[in-house]
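Please have the sequence and the structure at hand while reading.

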Amino acid sequence: MDYSNIFRLVNLAVGGLMILGGIGQFFPIGFQSVIVGCYVIIFGAATLLLEFQIPPAISRWAPFLFSFIGRGIFYIFVGSILLHLPAIRIVAGSIIGIVGVGYVVLEYIPQIEPPQNMRDAGGEWGAEQI
């Protein structure tokens, strides 16, 4: 069975949650919260971009995003950054982290193949070989 559309929708939702969590990171305004918020927004925009187009720089410098385990650990990392008050960040961070754990588990289920956009890393480290 082909789960490509489901993975695409999940990744789009996670990218949107990253952007929302990044915006929520700005408040209360402080130097550290603005810097972390900008990074989370950039990570969310990159996640959204990967669902529509794969820039060569990302497949070269971030090949871990092209495997379930790499993307899962990335989602767990970003989710853990967002786990702080207010509630919007806790909810967003928790959902992103849970999706990350799900992706790590999917790495070890051979019946489920990654979608096409997670196989385009050009055979470098982290790319699924099918």
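At what angle do helix α1 (residues 4-25) and helix α2 (residues 31-50) pack, and how far apart are their axes?

## Packing of α1 and α2

The model discussed here is predicted. In this model, helix α1 packs against helix α2 at an angle of about 165°, and the two axes are 8 Å apart. Angles over 145 degrees count as roughly antiparallel, and α1 and α2 are therefore roughly antiparallel to each other. The crossing in which α1 passes α2 is left-handed.

On the side of α1, the contact involves N11, L12, G15, G16, M18, I19, G22, I23 and Q25. These residues meet S33, V36, G37, V40, I41, F43, G44, A45, T47 and L48 of α2. By residue class, the contact of α1 with α2 comprises 10 nonpolar residues, 9 polar residues and no charged ones.

## S59 in helix α3

Helix α3 spans residues 56-61 and includes S59. Because its relative accessibility is 12%, S59 counts as buried, the limit for that class being under 20%. A polar atom of the S59 side chain lies 3.0 Å from the backbone oxygen of P56.

## V101 in helix α5

V101 belongs to helix α5, which covers residues 87-106. With a relative accessibility of 46%, V101 counts as partly exposed. Although V101 and I69 are 32 residues apart in sequence, their C-alpha atoms are 8.7 Å apart in space.

Note on methods. Residues are numbered from 1 along each chain as its sequence is written. This is a predicted model: local features need pLDDT of at least 70, side-chain atom pairs count only at pLDDT 80 or more; totals for chains, interfaces and linings use all residues. Side-chain values use heavy atoms; hydrogens and water are left out. Helices (H or I, at least four residues) and strands (E, at least two) are DSSP runs, numbered from the N terminus. Buried means under 20% relative accessible area, exposed over 50%, partly exposed in between (1.4 Å probe, protein chains only). Axes are lines fitted to C-alpha atoms, for helices over the stretch in contact, and angles run from 0 to 180 degrees between N-to-C directions. Angles under 35 degrees count as roughly parallel, over 145 as roughly antiparallel, 65 to 115 as roughly perpendicular and the rest as oblique. A crossing is left-handed if the near helix is turned anticlockwise from the far one by less than a right angle, and right-handed if clockwise. Contact means heavy atoms within 4.5 Å. Ala, Val, Leu, Ile, Met, Phe, Trp, Tyr, Cys and Pro count as nonpolar, Asp, Glu, Lys and Arg as charged, and the others, Gly among them, as polar. A polar contact is a pair of N or O atoms within 3.5 Å; within protein, one must be able to donate a hydrogen and the other to accept it, and residues adjacent in sequence count only if both atoms are side-chain atoms.
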